[in-house]
Amino acid sequence: MKTKILVTGGTGYIGSHTVVELQNAGYEVVIIDNLSNSNANVIDGIEAITGIRPAFVEGDCTDINTLRKLFEENPGIKGIINFAASKAVGESVQKPLLYYRNNLNTLINLLDLMPEFGVKGIVFSSSCTVYGEPDKNPIDETAPIKPATSPYGNTKQISEEIIEDYIKSGAPIKSILLRYFNPIGAHPSAMIGELPLGVPQNLVPYLTQAAAGIRAELTVFGNDYNTPDGSCIRDYIDVVDLAKAHVIAMKRMLDGQDTDAVEIFNLGTGRGLSVLELIDSFERATGVKVPHKIGARRAGDIEKIWADPKKANEVLGWTAQVPIDETMKNAWAWQCKVTAK
């Protein structure tokens with residue numbers, strides 16, 4: 001019998017790619033999503049890639065009664081991967097209560113119900129934003145947690161603390177906290193990808209929409225940072241590489257290995273790229289120009305941050321594989337498919 005996994009936010013960007021990898025690895029998946037920043041049609045894309053249609057519940061994880069009903073109607077869930085969270089740094093500065101309400105209440109509800117329904121472990125979608133503006137790069141998991149530069153980052157810090165406190169209290173569960181750097185790209189099949197509702201809050205979908213003529217131009221927020229070309233530097237990781245790490249983490253938790261109750265891993269490539277370098281990569285990979293201008297700095301942005309992924313490489317046996325130009329080519333193929341609809 002297949003092991004059953006609940007993926008919250010499973011029709012979202014990272015969630016949908018992770019569902020694909022879970023199903024390819026032989027897991028049975030149940031998705032819950034309130035479709036606040038995604039579309040139920042994503043399920044069709046998942047099925048087209050894997051040949052399997054995952055179970056889908058439209059619902060809000062901030063409502064514990066909705067979650068309880070899901071567990072009652074889908075018995076035997078052994079693990080959870082939690083993607084159900086608002087995730088845009090800029091928006092969180094403008095709408096902090098939305099972020100605290102959504103991100104924290106969802107997690108608390110899940111943790112509350114896990115022992116009752118025999119769920120063994122939760123993989124938590126965390127972020128490199130917990131490190132704030134780092135003292136040095138690359139950064140590993142021992143780097144100090146800095147005061148968050150945005151409400152979004154703060155929800156990730158608080159969520160990690162909630163998980164650790166709950167497990168320390170004696171809760172019979174395990175957790176792996178995955179601190180992502182910057183996920184980008186799309187599935188190479190172009191069946192699923194990043195499709196935000198409304199104006200994109202993240203760089204690459206805005207970039208591809210500008211290249212497609214949907215947006216007039218991309219604004220690069222600042223060119224006066226202390227970096228080689230003045231634009232911010234990030235560690236951009238292909239979304240399929242990232243999804244595969246979740247499958248490995250889930251297997252590690254559920255296999256009964258003698259591991260710590262809470263483990264933390266950075267997920268990145270170990271290489272920093274500036275915003276302007278990313279634009280160059282896209283243009284090189286696709287032959288398409290990106291109309292862009294330089295704007296003022298944006299509140300909440302960190303100057304430069306990239307990962308030391310050595311722990312994930314050695315302990316999980318996971319490494320980022322997809323070259324940046326291929327990632328940008330996949331992102332463009334997905335944009336072209338969406339635009340053609």
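How many bridges join strand 1 to strand 2? Select residues 4–8 for strand 1 and residues 28–33 for strand 2: five bridges join the two, and they run parallel. Lys4 stands opposite Glu28 there. Strands here are DSSP runs of E with at least two residues, helices are runs of H or I with at least four, and both are numbered from the N terminus. Two strands pair if DSSP finds at least two bridges between them.

A quick note: this is a predicted model, where local features need pLDDT of at least 70, side-chain atom pairs count only at pLDDT 80 or more, and totals for chains, interfaces and linings use all residues. Residues are numbered from 1 along each chain as its sequence is written, and side-chain values use heavy atoms, leaving out hydrogens and water.

Now show the whole open sheet: seven strands in the order 3-2-1-4-5-6-11, with parallel pairing. Strand 3 (55–58) and strand 11 (262–267) are the edges; each has a single partner strand, so one side of each lacks a neighbour in the sheet.

Next, select helix 6, residues 151–168, which lies across strand 5 (121–127), strand 6 (174–180) and strand 11. Contact means heavy atoms within 4.5 Å.

Last stop: the second largest cavity. Its lining includes Asn82, Phe124 and Lys156, and strand 5 and helix 6 each supply at least two lining residues. A cavity is a set of points on a 1 Å grid over the protein atoms alone where a 1.4 Å probe fits but cannot get out; lining residues have an atom within 4 Å of a point.

Note on methods: Axes fitted to C-alpha atoms, helices over the stretch in contact; angles between N-to-C directions. 1 Å grid on protein atoms, 1.4 Å probe; cavity = no way out; pocket = protein on both sides within 12 Å on 5 of 7 lines; lining within 4 Å.
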